[in-house]
Amino acid sequence: MSSQGSSKIGSTKGGRDPFWAHGEKVEEKDTNRIRCRYCAQIVSGGISRLKNHLAGQRGNVRPCSKVPDDVKSQATSSLSSSLVNKQAKMARQAREDANTYIARWVYEAGVPFNVCALPSFDHMLQAIGKVGPGLRGPSIYDLREKHLKKEVVYSIIFNAKFWADVELSISIFAPLVKVLRRADGDEPSMGWLYGDMLKAKEEIALALENKEARYLPIWKLIDARWQSKLSTPLHLAGYFLNPFFYYSSWESVERDGRFMDSIIECMSKMYARNTSIQDRISDQICLYRNQEGSFGRDAAKRQRCSNSLNLGKKNFFCMSNIIYLQSKFSFTQLFVFLVNWWKLHANSAPELKDMAIRVLSLTTSSSGCERNWSTFEMVICFTFLYLQ
Ligand SMILES: [Zn+2]
């Protein structure tokens, strides 16, 4: 057929499109205007437009009235496959563009290339794709204040090491919190705070597996603040005059000169103008230390570490007794136990008894405790740094 032959010559696409068989060029060098082989209508717009005509697609061109059915269906499927091809090509181009922009951004921002291997990178691309065209990125402010902060929280929550650290931190701070909370009240706590803090330090060491390299830095931090605030002569005297502590840690108290210095200092201040009372108290301190006079009676010894103070429990002894007492009772209740002990068993030492009751009835100043809370915060910061 002549029309087939001429279409092959005239086609801009090398005559490869088989639909040139169904039309012919109106003029030899013009591939735009094609005459339909069936109805002789002239179609402007090249071979694609001829396909529209043959397929009977309305819109750009009038449908062919004489096209055979098989040609019509060929034209229809050719048009739809070329639409698919066109879409695929556009998609390939869009993907190529996206990759170019990603590469440009990575290059300009100096981002390490391997970030593209992160799962979060893939999540980001998927999410952007879902939004589709027109997505605007977050502002710098939103990124910093809102999204990045949220991410930090998210990464902390899903970080196993963080939670292990929190657990350890709690085991370190719980003992301190307990001491400071008790110290913050208005109850007579002077006989207990120093011992409480010693116990807290022991608990912290235990939480750190008694490894010096781990607990000593924290102890030092506590001591640095605490020694000026809770380790006053009054607190040391309170520890000394608490028979529950004194006799159970007799050796270390006697070895540590600060306790005796503190007792003498408190006595000198409390009875500044009465040297004869001072002298009597000094003698009576010796009775107390040596468990002589009324202090030496079996009942006095028993009741400073047994259940004789009507605590409702039988047969618990010195240190465990103290721990039990401290966890079970308020400072006011503990104070009553101490005062009862002194009233019952200090008749050989009436002046020391009065002094002991006065010292033991003191509260710990709340301002001092506020300073200790800030020490506590410092310990928290330190521990987090130290754990990392
Ligand atoms: Zn036609």
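Because the model is predicted, local features are reported only where pLDDT is at least 70 and side-chain atom pairs count only at pLDDT 80 or more, whereas totals for chains, interfaces and linings use all residues. Residues are numbered from 1 along each chain as its sequence is written.

The secondary structure of the protein chain comprises 18 helices and three strands, where helices (H or I, at least four residues) and strands (E, at least two) are DSSP runs numbered from the N terminus. Of the 388 residues in the chain, 24% are buried; a residue is termed buried if 20 or more other C-beta atoms lie within 10 Å of its own, exposed if 12 or fewer do, and partly exposed in between, with C-beta atoms placed from the backbone. Two residues are taken to be in contact if their C-beta atoms, placed in that way, lie within 7 Å, and among contacts with a separation of 6 or more, 57% join residues 24 or more positions apart.

Helix H5 (residues 140-157) has 18 residues, which at 1.5 Å a residue should span 26 Å, in agreement with the 24 Å between its end C-alpha atoms; the expected span is 1.5 Å times one less than the number of residues. A bend of about 30 degrees occurs in H5 at Leu-148, the bend being the angle between axes fitted to the seven residues ending there and the seven starting there. The number of buried residues in H5 is zero, so this helix lies largely in the open.

For helix H7 (residues 193-207), the 15 residues should span 21 Å, and the end C-alpha atoms are 21 Å apart, which agrees. Buried positions in H7 include Leu-193, Tyr-194, Asp-196, Lys-199 and Ile-204. Leu-198, which is also found in H7, is partly exposed, with 15 other C-beta atoms within 10 Å, and its C-alpha atom is separated by 9.9 Å from that of Val-179, 19 residues apart along the chain. Just after H7, Glu-209 takes a positive phi of about 55 degrees.

Helix H6 (residues 160-183) packs with H7 at an angle of about 175 degrees, the axes being 9 Å apart; axes are lines fitted to C-alpha atoms, for helices over the stretch in contact, and angles run from 0 to 180 degrees between N-to-C directions. H6 and H7 are therefore roughly antiparallel to each other, given that angles under 35 degrees count as roughly parallel, over 145 as roughly antiparallel, 65 to 115 as roughly perpendicular and the rest as oblique. Residues of H6 including Leu-168, Ile-172 and Arg-182 meet residues of H7 including Met-197, Ala-200 and Glu-203. By class, this contact has eleven nonpolar, one polar and four charged residues, where Ala, Val, Leu, Ile, Met, Phe, Trp, Tyr, Cys and Pro count as nonpolar, Asp, Glu, Lys and Arg as charged, and the others, Gly among them, as polar.

With helix H9 (residues 233-240), H7 packs at an angle of about 85 degrees, with axes 7 Å apart, which makes the two roughly perpendicular. Leu-193, Tyr-194 and Gly-195 of H7 meet His-235, Leu-236, Gly-238 and Tyr-239 of H9, a contact that divides into four nonpolar, three polar and no charged residues.

Most residues other than glycine have a negative phi. Gln-291, in the loop between helices H13 (275-290) and H14 (298-303), has a positive phi near 55 degrees and is partly exposed, with 16 other C-beta atoms within 10 Å.
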